[in-house]
Amino acid sequence: MDTERPSPRYSGIDAWDPSDVLDAMIEGQFAAVAAVRAARPALERAALGMEARLRERGRLVYAGAGTSGRLAVQDGAELMPTFNWPRERLLLLIAGGHQAMMQSIEGAEDEAGYATELVHHHDIGPADVLIAVAASGTTPFTLTCLCEARQRGAMTIGIANNRDTPLLARAEHPILLETGAEPIAGSTRMNAGTAQRIALNLLSSLLMIRLGRVFQGLMVDVQASNKKLVRRSEDILLRLTGRTQEDVREALGNANGNVKLAVLLLQGCTMEEATRALDGAGGQLRTALEFVATTSEGAISSRKPGGQ
């Protein structure tokens, strides 16, 4: 496996000048970005498949071990405050459990039996999407999660940094991030980890955009769970509506902090009308606004002479 292979290029790295060491590692980070760019078609196919599976229901499941597992869990955990992704529709599986987020759990990545138990315990099935991440593409825990989930009907995405590995072969959507040898042999938290982090970020962000949780480049489904995010919600409304700070705060309060509903309220909708428009648009604010605008124009036309 290339990610484990010592490279002659870096064999003397411990004797290099510090500036040369840093240059070599920075070059590796650029190589990680290039690896993700090469995987763009696979990332797009996977994201569109995720959208189709998760538009109405189902859970987004992340699975991994070690560094890959921590990166996967981090990406998933950020979806709740950023996009208000429902907690009950997110499942984070990491070898060794929650303790593995803070420290290495020896032998956890080999626990294939535990992986099988987790998939069955959480009843992962046809409505769900599972993203499995492993630099080697062979990690028993991660591979078992993917295989068991696919057997039970879930859509599966495999992300690995080595060619022709089981994780890629058995995933419905394989994503190869070919980062090659690491400056420190086998330290896949470096180039491989960077590529994984970018790929996960792209997948989840594109999914959230496609599901209508972004409008005009703004996170309109933000969960205002702290003062900073409350201010961000207000700033989003100010930008989108041009209304006063007082109007914005009142609308947010009436909408229980829901930015999308607040936008519609500031367009003159009642709460019932705003909720109905947003539900009818499948949560897409752009579509809801178009519907409200069309409805308003129709109402005006009907009051004009000759209006139907």
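## Basis of the model

The structure is a predicted model, in which local features need pLDDT of at least 70 and side-chain atom pairs count only at pLDDT 80 or more, while totals for chains, interfaces and linings use all residues. Residues are numbered from 1 along each chain as its sequence is written, and side-chain values use heavy atoms, with hydrogens and water left out.

## Overall architecture

The chain contains 13 helices and five strands. These elements are DSSP runs numbered from the N terminus, with helices (H or I) of at least four residues and strands (E) of at least two. Along the principal axes, the C-alpha atoms fill a box of roughly 85 × 50 × 35 Å.

Of the 308 residues in the chain, 47% are buried. Here, buried means under 20% relative accessible area, exposed means over 50%, and partly exposed lies in between, with a 1.4 Å probe and protein chains only.

Strand β1 spans residues 60–64, and five of its five residues are buried, so the strand is largely enclosed by the rest of the structure. Leu60, Tyr62 and Gly64 point one way from β1, whereas Val61 and Ala63 point the other way. The residues on both sides are buried.

Two strands are said to pair if DSSP finds at least two bridges between them. β1 pairs in the parallel sense with strand β2 (residues 90–94) over five bridges, and Tyr62 stands opposite Leu92 in β2. β1 also pairs in the parallel sense with strand β3 (residues 129–133), again over five bridges. In β3, Val129 is the bridge partner of Leu60.

## Surface patches

Patches are made of residues with over 30% relative accessible area and no salt bridge; like charges are joined within 9 Å, and nonpolar side chains (Val, Leu, Ile, Met, Phe, Trp, Tyr) within 5 Å. Accessible areas come from the Shrake-Rupley method with a 1.4 Å probe, and for residues only the protein chains shown count as cover. Leu22, Ile26 and Phe30 form a nonpolar surface patch with about 330 Å² of accessible area together. Ile26 belongs to helix α1 (residues 18–38) and is partly exposed, at 45% relative accessibility.

A positive surface patch is formed by Lys227, Lys228, Arg231 and Arg232. Lys and Arg count as positive and Asp and Glu as negative, while His and the chain ends are not counted. The place of a charge is taken as NZ of Lys, CZ of Arg, CG of Asp or CD of Glu. Arg231 lies in helix α9 (residues 227–241) and is partly exposed, with a relative accessible area of 47%.

## Salt bridges

Side chains of opposite charge can pair when their charged atoms come close. A salt bridge is a side-chain nitrogen of Lys or Arg within 4 Å of a carboxyl oxygen of Asp or Glu, and the structure holds 15 of them. One joins Asp75 and Arg197, whose closest N and O atoms are 3.6 Å apart. Asp75 lies in helix α3 (residues 66–77) and Arg197 in helix α8 (residues 191–210), so this pair ties together parts that are 122 residues apart in sequence. Asp75 is buried, with a relative accessible area of 2%, whereas Arg197 is partly exposed at 23%.

Another salt bridge connects the side chains of Glu234 and Arg249, at 3.2 Å from N to O. This pair links distant parts of the chain, with Glu234 in helix α9 and Arg249 in helix α10 (residues 245–254), 15 residues apart. Glu234 is buried, with a relative accessible area of 10%. Asp247 and Arg243 also meet through their side chains in a salt bridge, at 3.4 Å from N to O. Asp247 is partly exposed at 24% relative accessibility, and Arg243 is partly exposed at 35% relative accessible area.

## Loop residues with positive phi

Gln216 is not a glycine, yet it has a positive phi of about 55°. Gln216 is placed in the loop between α8 and α9.

Asn256, a residue other than glycine, also has a positive phi, near 55°. Asn256 is found in the loop between α10 and α11 (259–266) and counts as exposed, at 74% relative accessibility.
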